[in-house]
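Open the model in your viewer and keep the selection panel at hand. We will take it one stop at a time.

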Amino acid sequence: MNPVATQMSASRLQSAGSSVAPTGKAEPAALSIRDLHAWYGDSHVLHGVELTVNPGETICLLGRNGAGRTTTLRAVMGLTSARTGSIGVFGKEVIGLPQHHVARLGVGYCPEERGIFASLTTQENFLLPPDLPTRFPGFSIDEIHQLFPNLKARANSPGTRLSGGEQQMLAVARIFRTGARLLLLDEISEGLAPVIVQALGRAIKELKKKGFSVLLAEQNFRFSAKLADRFYVMERGKIVLEIERSELGNKQAELNELLGV
Amino acid sequence: MAEIFGIPVPLLLGQLMLGLMNGAFYAMLSLGLAVIFGLMDEVNFAHGAFFMMGAMFAWMGGQYFHLGFWWMLLLAPLAVGLFGLLVERLMLRRLRGMDPIYGLLLTFGLTLLIEGLFRTFFGVAGSPYNPPALLGGTLNLGFMYLPTYYVFAMAASLAACFGTWFLIERTKLGSYLRAGTENPALVQAFGINFPLLVMLTFAFGSALAGLAGVLAAPIIQVSPLMGSNLIIVVFAIVVIGGMGSVMGAIVSGLALGVIEGLTKVFYAPISSTVVFILMALVLTVRPAGLFGKEK
């Protein structure tokens, strides 16, 4: 067995342990991906992804371009052309569900391309995702406006007239208020000014305080280093390394090599 | 008598009014097509047949069930909408994700089928359909006499257009529709039932064609072929306005109705082709149409 695999199974045992609630009753993982394969047409992109996000955890999915981070998130949302394996969301199997039922389990998705609608105003974009039947309070609209004051100021502008940073804020802010409690955030810090990245970082910390479970797909390790409880590294459609936050120091060299930093 | 460019003013104003009325019908019909095309990328060739069904239902309601105009103004669009809903659910939905040409062929075939059925039962001679007593008679507009019903039909068409515009541009449901037009996958990922949205949109567009049919019934002869005579012009208008553009459909529908009317006064020989000449011009200069966005 190679050392990476040994470490992986060791830390999975740990994280499985930490998912046991104090009452002794096991709480289902927010997201539990097992042996996930996914395709776009004929091209086989994911090759057996294994990944867990426990309730309240912030997890970062790292990897080089083309490693399969975005596809992993898209596969959860049913946006790949085919997928096999198992994707559990709060204990419910998602594979086989109609696409619009995934969100209703409590999932909020922010796509890499942000997905701001040009024919909708900022306010309409913000209010577009319907409330989900989860009873999870999330953020109130006022709280979100405190986090991102620009969105309130520009409520009536067409969504795509906002600056890149404002569009990114809008793309994440609109899934804070729906009752989603697992957020899949794809490359939210990419190509943005440092001040915006800081604002987004603060928002992610607030998410954690509110009990959200978060899966960040990131190329920018420095952004996620301060936010995530655990890291997965992907390569060629597989998870090749799992690192606890506490192990970051020891494994920095290995990580740098995998990320090509 | 007063003249403009050598044309008597009353004649000019008369054609302007008739043009506006035709334009209101064009607008309502192209609006239904545009909404459906925007959301589904599907050209509904059966739109003219749905228009005809609306008018035929109105006529049949009076003939067989003694239901007057006002009843049929409500029931016929509902019936056509329900028919459209079934067409989407049972047939078009299966073609989703395939080349849109299949949908075009399916709805073309459907058009032949529907028109064929109505021809078999009712012939092609056409029947008159009287406007309701309340709207009989004529109105004196000062410069011309216009049948009261024409004024009503124009107002009702414009109200339907404005209502549809409001629904799409100003309501929550409309924001789902606009978002779905741009990025259906993301709309689904937010938990919105997109297939349901498509089905209802198709039903709504069909009902709009049905409503236009009922409103047109007292103006033109009700006949199984009344749809196919009109639909080609409406397609041209949708292309001019920009496929899928709500505002484009309304504005170009009205504008082309007026232009067509005025052409009858100024140079009658091209009045039936002016729409297509304009379509060719627009396609040369702005291939996406006047209000369309390049994809």
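The tour below goes from one chain to the other and ends where they touch.

Keep in mind that this is a predicted model.

**Stop 1: chain B as a whole.** The C-alpha atoms fill a box of roughly 65 × 50 × 35 Å.

**Stop 2: inside chain B.** How many of the residues of chain B count as buried? The share is 49% of 295. Now look at which parts of the chain meet. Take the contacts in chain B with a separation of 6 or more: 76% of them join residues 24 or more positions apart.

**Stop 3: chain A.** Switch to chain A and colour by pLDDT. The mean is 89, and 90% of the residues of chain A reach 70 or more. Next, select residues 1-24 of chain A. Here pLDDT stays under 50. For this stretch the model has 17 contacts beyond four places in sequence.

**Stop 4: where the chains touch.** Show both chains together. On the chain B side, 14 residues are in contact with 18 residues of chain A. Select helix 6 (172-182) and helix 7 (184-189) of chain B; each supplies at least two residues of the side that touches chain A. Colour that side of chain B by class. It has 7 nonpolar, 5 polar and 2 charged residues.

Key
Residues numbered from 1 in each chain as written. Chains lettered and ligands numbered in written order. Predicted model: local features only at pLDDT ≥ 70, side-chain atom pairs only at ≥ 80, totals over all residues. Buried ≥ 20, exposed ≤ 12 C-beta atoms within 10 Å, placed from the backbone. Contact = placed C-beta atoms within 7 Å. pLDDT = per-residue confidence, 0-100. Helix = DSSP H or I, 4+ residues; strand = E, 2+ residues; numbered from the N terminus. Nonpolar A, V, L, I, M, F, W, Y, C, P; charged D, E, K, R; others polar.
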